[in-house]
Amino acid sequence: MEETEISRQLFELLKGNGYADVTKHDSFKEFMDSLDKLELFIMVDRHFGIHTSDEDVLGVDTVQDLVDLISQKLSAGK
């Protein structure tokens, strides 16, 4: 899946959960707490059919970081 499609789908997930004004450069710390971030990762795992670890969650700061992680996981088949 192309990065632009990953971004589009991720922004749809964010928008559907009340985060319509987020940009790819925004840090998750700016607009959600740690529980919301964990819930987002669960949705991302289900939506994209991947598995993210606790280390993955801790290593992602911005929306673009999450797009990169999703792309990496999809390329690796995880």
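Modeller: Let us begin with burial: a residue counts as buried when its relative accessible area is under 20%, and as exposed when that area is over 50%. Please keep in mind throughout that this is a predicted model.

Colleague: Then let us take Ser-27 as a case; does it count as buried or exposed?

Modeller: Ser-27 has 9% relative accessibility, and therefore counts as buried. Ser-27 lies in the loop that joins α1 to α2, and, once residues up to four places away in sequence are set aside, Ser-27 touches Asp-61 and Thr-62. From Ser-27 to Ala-76 there are 49 residues in sequence, and their C-alpha atoms are 25 Å apart in space.

Colleague: What does Val-44 contact beyond its neighbours in sequence?

Modeller: Leaving out residues within four places in sequence, Val-44 is in contact with Leu-10, Leu-13, Gly-49, Ile-50, Leu-66 and Ile-70.

Colleague: How should I read the packing of α3 and α5, and at what angle do they pack?

Modeller: One reads the angle, the separation of the axes and the handedness together with the residues that meet. α3 and α5 pack at about 35° with their axes 12 Å apart, and the crossing of α3 past α5 is right-handed. From α3, Leu-40, Phe-41, Val-44 and Phe-48 meet Leu-66, Leu-69, Ile-70 and Leu-74 of α5, so that the contact, by the classes used here, holds 8 nonpolar residues, no polar and no charged ones.

Colleague: Which elements do the buried residues of α5 pack against, and what span should its 14 residues have?

Modeller: The buried residues of α5, among them Val-63, Gln-64, Ser-71 and Lys-73, pack against α1, α2 (28–31), α3 and α4 (54–59). At 1.5 Å a residue, the 14 residues of α5 should span 20 Å, which agrees with the 20 Å between its end C-alpha atoms. After α5 comes Gly-77, with a positive phi near 75°.

Terms used:
Residues are numbered from 1 along each chain as its sequence is written. This is a predicted model: local features need pLDDT of at least 70, side-chain atom pairs count only at pLDDT 80 or more; totals for chains, interfaces and linings use all residues. Side-chain values use heavy atoms; hydrogens and water are left out. Contact means heavy atoms within 4.5 Å. Axes are lines fitted to C-alpha atoms, for helices over the stretch in contact, and angles run from 0 to 180 degrees between N-to-C directions. Helices (H or I, at least four residues) and strands (E, at least two) are DSSP runs, numbered from the N terminus. A crossing is left-handed if the near helix is turned anticlockwise from the far one by less than a right angle, and right-handed if clockwise. The expected span of a helix is 1.5 Å times one less than its number of residues. Buried means under 20% relative accessible area, exposed over 50%, partly exposed in between (1.4 Å probe, protein chains only).
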